[in-house]
Amino acid sequence: MAIHKTEGIILNTQNFRQTSLIINFYTRDFGKLSGLLKGAREELGKFGSNLDLFSLNEIVFYKKNQSKLHLVSQCDLKKDFRGIKKDLEKVKKAFSIVGLLTSLTVEEDKNEEIFNLALSCLEQLENGSRLDRILIIFKIKFLDYCGFKPHLDSCVSCNNRIISQARLSFKFGGLLCEDCLNKDIKSRNIFRGTVASILYIEKNNFDSVLRLGINHEIMRELNQVLDAFLEFHLDKKLPESSEIMIGT
Ligand SMILES: [Zn+2]
(Lines give C-alpha, C1' and ligand atoms only; values in the text may rest on other atoms or scores of the structure.)
Protein backbone atom coordinates (compact mmCIF):
# COMPACT_ATOMS: atom_id res chain seq x y z
CA MET A 1 0.00 0.00 0.00
CA ALA A 2 1.37 3.39 -0.97
CA ILE A 3 1.02 6.40 1.30
CA HIS A 4 -0.32 9.64 -0.20
CA LYS A 5 -1.05 13.15 1.00
CA THR A 6 -3.63 15.41 -0.65
CA GLU A 7 -6.28 18.04 0.03
CA GLY A 8 -9.92 17.00 0.10
CA ILE A 9 -13.37 18.57 0.51
CA ILE A 10 -15.72 16.44 2.61
CA LEU A 11 -18.75 15.44 0.50
CA ASN A 12 -20.53 13.12 2.92
CA THR A 13 -19.90 10.91 5.91
CA GLN A 14 -21.43 7.68 7.16
CA ASN A 15 -20.98 5.66 10.32
CA PHE A 16 -19.03 2.44 9.96
CA ARG A 17 -19.31 -0.24 12.63
CA GLN A 18 -19.31 1.02 16.23
CA THR A 19 -16.50 3.51 16.21
CA SER A 20 -15.44 4.48 12.71
CA LEU A 21 -16.49 6.69 9.82
CA ILE A 22 -16.41 6.36 6.07
CA ILE A 23 -15.90 9.75 4.43
CA ASN A 24 -16.21 10.66 0.76
CA PHE A 25 -13.77 13.39 -0.20
CA TYR A 26 -13.33 15.29 -3.43
CA THR A 27 -9.54 15.51 -3.57
CA ARG A 28 -7.11 17.62 -5.55
CA ASP A 29 -4.96 14.70 -6.70
CA PHE A 30 -7.31 11.70 -6.86
CA GLY A 31 -10.78 13.11 -7.59
CA LYS A 32 -13.57 11.54 -5.53
CA LEU A 33 -12.13 9.22 -2.90
CA SER A 34 -13.58 7.05 -0.12
CA GLY A 35 -11.65 6.86 3.13
CA LEU A 36 -12.06 4.85 6.31
CA LEU A 37 -11.26 6.82 9.47
CA LYS A 38 -10.84 4.19 12.17
CA GLY A 39 -11.87 5.23 15.65
CA ALA A 40 -13.08 8.67 14.53
CA ARG A 41 -16.32 8.39 16.55
CA GLU A 42 -14.75 6.76 19.59
CA GLU A 43 -11.80 9.03 20.11
CA LEU A 44 -12.93 12.59 19.41
CA GLY A 45 -9.98 14.72 18.47
CA LYS A 46 -8.07 11.76 17.06
CA PHE A 47 -8.08 13.61 13.76
CA GLY A 48 -7.17 17.29 13.63
CA SER A 49 -10.47 18.10 11.97
CA ASN A 50 -14.10 18.37 13.04
CA LEU A 51 -14.87 16.28 9.91
CA ASP A 52 -17.76 18.58 8.98
CA LEU A 53 -19.37 18.51 5.55
CA PHE A 54 -17.76 20.70 2.87
CA SER A 55 -14.73 21.47 5.06
CA LEU A 56 -11.31 21.41 3.37
CA ASN A 57 -8.80 19.02 4.92
CA GLU A 58 -5.31 17.74 4.33
CA ILE A 59 -5.43 13.97 4.42
CA VAL A 60 -2.81 11.25 4.54
CA PHE A 61 -4.04 7.86 3.41
CA TYR A 62 -2.89 4.35 2.53
CA LYS A 63 -4.08 3.57 -0.98
CA LYS A 64 -5.26 0.01 -1.42
CA ASN A 65 -4.97 -1.62 -4.81
CA GLN A 66 -7.80 -4.11 -4.43
CA SER A 67 -10.39 -1.80 -2.91
CA LYS A 68 -11.90 1.64 -3.44
CA LEU A 69 -12.00 2.20 0.34
CA HIS A 70 -8.67 3.51 1.61
CA LEU A 71 -7.35 3.89 5.14
CA VAL A 72 -7.04 7.53 6.23
CA SER A 73 -4.41 7.96 8.95
CA GLN A 74 -4.44 11.77 9.20
CA CYS A 75 -7.11 14.36 8.48
CA ASP A 76 -6.19 17.92 9.40
CA LEU A 77 -8.55 20.83 8.98
CA LYS A 78 -7.45 23.56 6.57
CA LYS A 79 -10.73 25.50 6.21
CA ASP A 80 -14.03 24.82 7.92
CA PHE A 81 -16.03 27.49 6.02
CA ARG A 82 -17.63 28.70 9.24
CA GLY A 83 -19.08 31.70 7.38
CA ILE A 84 -21.24 29.37 5.26
CA LYS A 85 -22.67 27.52 8.26
CA LYS A 86 -24.11 30.72 9.74
CA ASP A 87 -26.39 31.34 6.76
CA LEU A 88 -29.05 28.86 5.64
CA GLU A 89 -29.03 30.07 2.01
CA LYS A 90 -25.27 29.56 1.84
CA VAL A 91 -25.59 26.13 3.44
CA LYS A 92 -28.18 25.08 0.83
CA LYS A 93 -25.88 26.13 -2.01
CA ALA A 94 -22.89 24.36 -0.47
CA PHE A 95 -25.01 21.19 -0.16
CA SER A 96 -25.97 21.47 -3.83
CA ILE A 97 -22.29 21.68 -4.79
CA VAL A 98 -21.21 18.64 -2.74
CA GLY A 99 -24.34 16.81 -3.94
CA LEU A 100 -23.37 17.30 -7.59
CA LEU A 101 -19.76 16.31 -6.92
CA THR A 102 -21.06 13.14 -5.27
CA SER A 103 -23.54 12.27 -8.01
CA LEU A 104 -21.80 13.22 -11.24
CA THR A 105 -18.09 12.53 -10.74
CA VAL A 106 -16.39 9.16 -11.09
CA GLU A 107 -14.46 7.59 -8.20
CA GLU A 108 -10.70 8.22 -8.34
CA ASP A 109 -10.77 10.22 -11.56
CA LYS A 110 -8.47 13.20 -10.97
CA ASN A 111 -9.82 16.52 -12.21
CA GLU A 112 -8.05 19.48 -10.65
CA GLU A 113 -10.26 21.97 -12.52
CA ILE A 114 -13.31 20.58 -10.73
CA PHE A 115 -11.49 20.65 -7.37
CA ASN A 116 -10.42 24.28 -7.86
CA LEU A 117 -13.90 25.27 -9.06
CA ALA A 118 -15.57 23.72 -6.00
CA LEU A 119 -13.06 25.39 -3.69
CA SER A 120 -13.52 28.81 -5.37
CA CYS A 121 -17.31 28.48 -5.06
CA LEU A 122 -17.12 27.56 -1.35
CA GLU A 123 -14.71 30.44 -0.70
CA GLN A 124 -16.97 32.84 -2.57
CA LEU A 125 -20.03 31.54 -0.72
CA GLU A 126 -18.27 32.18 2.57
CA ASN A 127 -17.03 35.68 1.77
CA GLY A 128 -19.13 37.01 -1.05
CA SER A 129 -22.50 38.45 -1.72
CA ARG A 130 -23.48 37.34 -5.24
CA LEU A 131 -24.95 34.11 -3.94
CA ASP A 132 -27.54 33.80 -6.73
CA ARG A 133 -24.90 33.33 -9.41
CA ILE A 134 -22.34 31.16 -7.60
CA LEU A 135 -24.35 28.00 -8.13
CA ILE A 136 -25.08 28.93 -11.76
CA ILE A 137 -21.36 29.44 -12.41
CA PHE A 138 -20.59 26.15 -10.67
CA LYS A 139 -23.13 24.23 -12.79
CA ILE A 140 -21.97 25.73 -16.12
CA LYS A 141 -18.28 25.13 -15.50
CA PHE A 142 -18.91 21.75 -13.84
CA LEU A 143 -20.87 20.51 -16.90
CA ASP A 144 -17.95 21.67 -19.05
CA TYR A 145 -15.25 20.01 -16.90
CA CYS A 146 -17.28 16.77 -16.71
CA GLY A 147 -17.42 16.63 -20.51
CA PHE A 148 -21.15 17.44 -20.70
CA LYS A 149 -20.83 20.99 -22.03
CA PRO A 150 -23.94 21.88 -24.07
CA HIS A 151 -23.24 22.55 -27.77
CA LEU A 152 -24.32 26.16 -28.24
CA ASP A 153 -21.99 27.64 -30.88
CA SER A 154 -23.86 26.15 -33.84
CA CYS A 155 -26.56 23.57 -34.58
CA VAL A 156 -25.67 20.38 -32.72
CA SER A 157 -27.10 18.25 -35.53
CA CYS A 158 -25.98 19.88 -38.84
CA ASN A 159 -23.34 22.30 -37.46
CA ASN A 160 -24.85 25.22 -39.39
CA ARG A 161 -24.64 28.65 -37.84
CA ILE A 162 -27.72 29.54 -35.82
CA ILE A 163 -29.32 32.56 -37.50
CA SER A 164 -32.88 32.74 -36.26
CA GLN A 165 -34.58 31.36 -33.18
CA ALA A 166 -33.07 28.04 -32.13
CA ARG A 167 -34.39 25.48 -29.67
CA LEU A 168 -32.50 23.60 -27.02
CA SER A 169 -32.47 19.83 -27.18
CA PHE A 170 -31.43 17.84 -24.11
CA LYS A 171 -31.44 14.64 -26.15
CA PHE A 172 -28.84 16.04 -28.59
CA GLY A 173 -27.05 18.11 -25.95
CA GLY A 174 -27.31 21.51 -27.61
CA LEU A 175 -29.11 23.91 -29.95
CA LEU A 176 -31.07 22.79 -33.01
CA CYS A 177 -31.43 25.15 -35.98
CA GLU A 178 -34.75 25.77 -37.75
CA ASP A 179 -34.09 22.99 -40.28
CA CYS A 180 -33.37 20.40 -37.56
CA LEU A 181 -36.11 21.27 -35.06
CA ASN A 182 -38.21 18.24 -35.97
CA LYS A 183 -35.44 15.87 -34.85
CA ASP A 184 -36.44 16.42 -31.23
CA ILE A 185 -40.06 17.30 -30.52
CA LYS A 186 -39.18 17.81 -26.86
CA SER A 187 -36.71 20.63 -27.56
CA ARG A 188 -37.50 23.90 -25.78
CA ASN A 189 -37.24 27.62 -26.46
CA ILE A 190 -34.31 29.43 -24.98
CA PHE A 191 -33.50 33.16 -24.80
CA ARG A 192 -30.47 34.37 -26.72
CA GLY A 193 -29.34 36.02 -23.47
CA THR A 194 -29.33 32.64 -21.73
CA VAL A 195 -27.16 31.12 -24.47
CA ALA A 196 -24.83 34.15 -24.38
CA SER A 197 -24.52 33.95 -20.57
CA ILE A 198 -23.60 30.24 -20.66
CA LEU A 199 -20.99 30.82 -23.39
CA TYR A 200 -19.51 33.80 -21.53
CA ILE A 201 -19.27 31.90 -18.23
CA GLU A 202 -17.68 28.88 -19.94
CA LYS A 203 -14.99 31.04 -21.55
CA ASN A 204 -14.04 33.38 -18.71
CA ASN A 205 -12.44 32.92 -15.33
CA PHE A 206 -14.34 32.68 -12.08
CA ASP A 207 -13.64 36.19 -10.79
CA SER A 208 -14.66 37.97 -13.97
CA VAL A 209 -17.88 35.98 -14.44
CA LEU A 210 -18.97 36.83 -10.90
CA ARG A 211 -19.35 40.43 -12.04
CA LEU A 212 -21.49 39.54 -15.06
CA GLY A 213 -24.86 41.30 -15.05
CA ILE A 214 -27.73 38.82 -15.49
CA ASN A 215 -31.38 39.92 -15.35
CA HIS A 216 -34.03 37.98 -13.42
CA GLU A 217 -35.64 36.40 -16.48
CA ILE A 218 -32.32 35.04 -17.75
CA MET A 219 -31.36 33.94 -14.26
CA ARG A 220 -34.60 31.98 -13.93
CA GLU A 221 -34.13 30.32 -17.32
CA LEU A 222 -30.47 29.53 -16.57
CA ASN A 223 -31.55 27.71 -13.41
CA GLN A 224 -34.21 25.73 -15.30
CA VAL A 225 -31.98 24.83 -18.25
CA LEU A 226 -28.93 23.87 -16.18
CA ASP A 227 -30.94 21.71 -13.80
CA ALA A 228 -32.64 20.00 -16.75
CA PHE A 229 -29.22 19.31 -18.31
CA LEU A 230 -27.83 17.92 -15.07
CA GLU A 231 -30.94 15.78 -14.55
CA PHE A 232 -30.63 14.46 -18.10
CA HIS A 233 -27.04 13.35 -17.43
CA LEU A 234 -27.85 12.05 -13.95
CA ASP A 235 -30.93 10.31 -15.35
CA LYS A 236 -32.88 11.40 -12.26
CA LYS A 237 -34.35 14.48 -10.64
CA LEU A 238 -31.94 16.67 -8.74
CA PRO A 239 -32.71 16.53 -5.03
CA GLU A 240 -33.79 19.78 -3.39
CA SER A 241 -31.03 20.99 -1.08
CA SER A 242 -33.41 20.52 1.87
CA GLU A 243 -33.73 16.82 0.94
CA ILE A 244 -29.95 16.45 0.78
CA MET A 245 -29.67 18.05 4.21
CA ILE A 246 -32.26 15.73 5.74
CA GLY A 247 -30.54 12.73 4.14
CA THR A 248 -27.21 13.40 5.84
ZN1 LIG B 1 -29.32 22.07 -37.91
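This is a predicted model: local features need pLDDT of at least 70, side-chain atom pairs count only at pLDDT 80 or more; totals for chains, interfaces and linings use all residues.
Q: What makes Cys 155, Cys 158, Cys 177 and Cys 180 donors of the zinc ion?
A: A donor is an N, O or S atom within 2.8 Å of the metal. The SG atoms of these four residues lie 2.2 to 2.3 Å from the zinc ion, so they meet that limit.

Q: Why is the site of the zinc ion called tetrahedral?
A: Four donors count as tetrahedral if all angles lie between 85 and 135 degrees. The angles among the four donor atoms here are 106 to 114°, and the site is therefore tetrahedral. The ideal angle for four tetrahedral donors is 109.5 degrees.

Q: Why does the pair Cys 155 and Cys 177 tie together separate parts of the chain?
A: Cys 155 belongs to the loop between helix H4 and strand S6, whereas Cys 177 belongs to the loop between strands S7 and S8; the pair therefore joins parts that are 22 residues apart in sequence.

Q: Are Cys 155 and Cys 177 buried or exposed?
A: Both residues are buried, that is, under 20% relative accessible area.

Q: In what order do the five strands close into a barrel?
A: The order is S1-S2-S3-S5-S4, with mixed pairing. From one strand to the next, the twist averages 50°.

Q: How do you know that strands S3 and S5 pair?
A: Pairing requires at least two bridges. S3 (residues 31-37) and S5 (residues 69-79) share three bridges in the parallel sense, so they count as paired. Leu 36 stands opposite Leu 71 in S5.

Technical notes. Residues are numbered from 1 along each chain as its sequence is written. Side-chain values use heavy atoms; hydrogens and water are left out. Donors are N, O and S atoms within 2.8 Å of the metal (3.2 Å for Na, K and Ca); water is not among the atoms, so sites may look incomplete. Four donors count as tetrahedral if all angles lie between 85 and 135 degrees; four count as square planar and six as octahedral if opposite donors are over 155 degrees apart and all others between 65 and 115; anything else is irregular. Helices (H or I, at least four residues) and strands (E, at least two) are DSSP runs, numbered from the N terminus. Buried means under 20% relative accessible area, exposed over 50%, partly exposed in between (1.4 Å probe, protein chains only). Axes are lines fitted to C-alpha atoms, for helices over the stretch in contact, and angles run from 0 to 180 degrees between N-to-C directions.
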